[in-house]
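Take a moment to look over the sequence and the 3D structure. The text below goes through some helix contacts and then turns to the ligand.

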Amino acid sequence: MYTQALNSKDTDAVARPEDVARVAVFQSTIDAEDKIEPNDWMPDGYRRTLVRQISQHAHSEVIGMQPEGNWITRAPSLRRKAALLAKIQDEAGHGLYLYAAAETLGVSRETFYEQLLSGKAKYSSIFNYPTETWADIGIIGWLVDGAAIMNQIPLCRCSYGPYARAMIRVCKEESFHQRQGYEIMLTLCRGTAAQKAMAQDALNRWWWPALMMFGPSDKDSMHSADSTRWKIKRFSNDDLRQKFVDATVPQGHFLGLTFPNPSLSYDEASGHWNYGEIDWSEFKRVVAGDGPMNKQRIARRRQTEADGAWVREAAMVYAEKRRQRAAAAKVAAE
Ligand code: BYC
């Protein structure tokens, strides 16, 4: 773990004059659009918010490999298989950059893994839905990666340096993911009637869960006020959701698809698409662990962890042997 020890005590009760001064320096750094780096002093609330968000984000990337991994062996051509494999590997890489960024805040990777495996940690609600047909792979690229880009581009300007820098590369890769997804959709929609129907069915199932990815509505978003003040968040959940809808609806119409959204309408005055009401009870249920695939996702993750135990053990033994050999060589040279 490459981090400093925790270098701040809780400032929730900012009483001591030195803490007041530190908070002022911290906030003025943020207001000046400079980055906060791991060794800079930061309030515990800022640290906690980042640990929570970055680790949830990392877990989402890792669990997010499962719905797509489900289709590697059934991809319809070698080209599609190679692209899907590369995409899934990218997601694993995103998880690694993000765990590394979160570790700089003083929490070990093992702790993050434990929290995920025990079911204590959250990850994005979207990955608790099943991938039933090949069209779902197109939809994930188009909608899920599309939503991810909308949410993550502003995170490239997040005030915490390691997170912001990780997001730059992540966003470049997400952009490729979104295009490969849209290309799958385009191929299906220009194909046979059965392929087009498969694409429509996938859109019907994934549209609302994709909108839920942006989190609760602004009035229910408990972390937004702090995250906005600290420039972790640059746009509210509802603003990003609206941007996503405005960008995505014309893309869907170009495909010749309809949205499962009877109240979808364009408002000339505002230039926005009205999308109606999200079923927040479904969102809460899925986040609470009762979505269609929550149990399977965690069970699979646990199984993978158990299956990989021998690799970790072998790596540790090898590292210890190397350490002993290097120590013996040093003694011999003296
Ligand atoms: N699912 O106060 P709020 C990817 C939780 S990976 C589950 O608005 P915040 C990809 C929230 O955590 C995509 N939980 O929170 C990978 C909080 O609970 P706690 C992942 C959700 O943090 C593979 C509570 O609700 N992207 O793209 O200010 C293949 C209240 O919410 C969700 C990221 O993680 C949800 N959808 O805002 C393909 C981006 N939404 O912690 C693609 C980084 C909210 O108090 N994260 N909650 O227990 C963020 O930008 C923010 O954390 C959020 C939520 C906008 C998601």
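**Helix packing and the ligand**

Helix 6 and helix 10 (residues 237–255) have axes that come within 10 Å and cross at roughly 145°. This is a predicted model. The crossing of helix 6 past helix 10 is right-handed. On the helix 6 side, the contact is made by W142, L143, G146, A147, M150 and N151. On the helix 10 side, it is made by L240, K243, F244, A247, T248, Q251, G252 and L255. Sorted by class, the contact of helix 6 with helix 10 has 8 nonpolar, 5 polar and 1 charged residues.

Helix 6 (residues 135–152) also packs against helix 8 (residues 193–212). Here the angle is about 30°, and the axes are 9 Å apart. The crossing of helix 6 and helix 8 is right-handed. Which residues of helix 6 meet helix 8? They are A135, D136, I139, I140, W142, L143, V144 and A147. Their partners in helix 8 are M198, A199, A202, L203, R205, W206, W207 and A210. By class, the contact of helix 6 with helix 8 has 14 nonpolar, no polar and 2 charged residues.

Now turn to the ligand. There are 35 residues around the ligand, and Q56, K122, S221, H223 and K233 come nearest. In the side chain of K233, an N or O atom is 2.7 Å from an oxygen atom of the ligand. For M222 the backbone takes part: one of its N or O atoms lies 3.1 Å from a ligand oxygen atom. How much of the ligand does the protein bury? Taken alone, the ligand exposes 1100 Å², and the protein buries 92% of that.

Notes. Residues are numbered from 1 along each chain as its sequence is written. This is a predicted model: local features need pLDDT of at least 70, side-chain atom pairs count only at pLDDT 80 or more; totals for chains, interfaces and linings use all residues. Side-chain values use heavy atoms; hydrogens and water are left out. Axes are lines fitted to C-alpha atoms, for helices over the stretch in contact, and angles run from 0 to 180 degrees between N-to-C directions. Helices (H or I, at least four residues) and strands (E, at least two) are DSSP runs, numbered from the N terminus. A crossing is left-handed if the near helix is turned anticlockwise from the far one by less than a right angle, and right-handed if clockwise. Contact means heavy atoms within 4.5 Å. Ala, Val, Leu, Ile, Met, Phe, Trp, Tyr, Cys and Pro count as nonpolar, Asp, Glu, Lys and Arg as charged, and the others, Gly among them, as polar. A residue is near a molecule or strand if one of its heavy atoms lies within 4 Å of it. A polar contact is a pair of N or O atoms within 3.5 Å; within protein, one must be able to donate a hydrogen and the other to accept it, and residues adjacent in sequence count only if both atoms are side-chain atoms. Accessible areas come from the Shrake-Rupley method with a 1.4 Å probe; for residues, only the protein chains shown count as cover.
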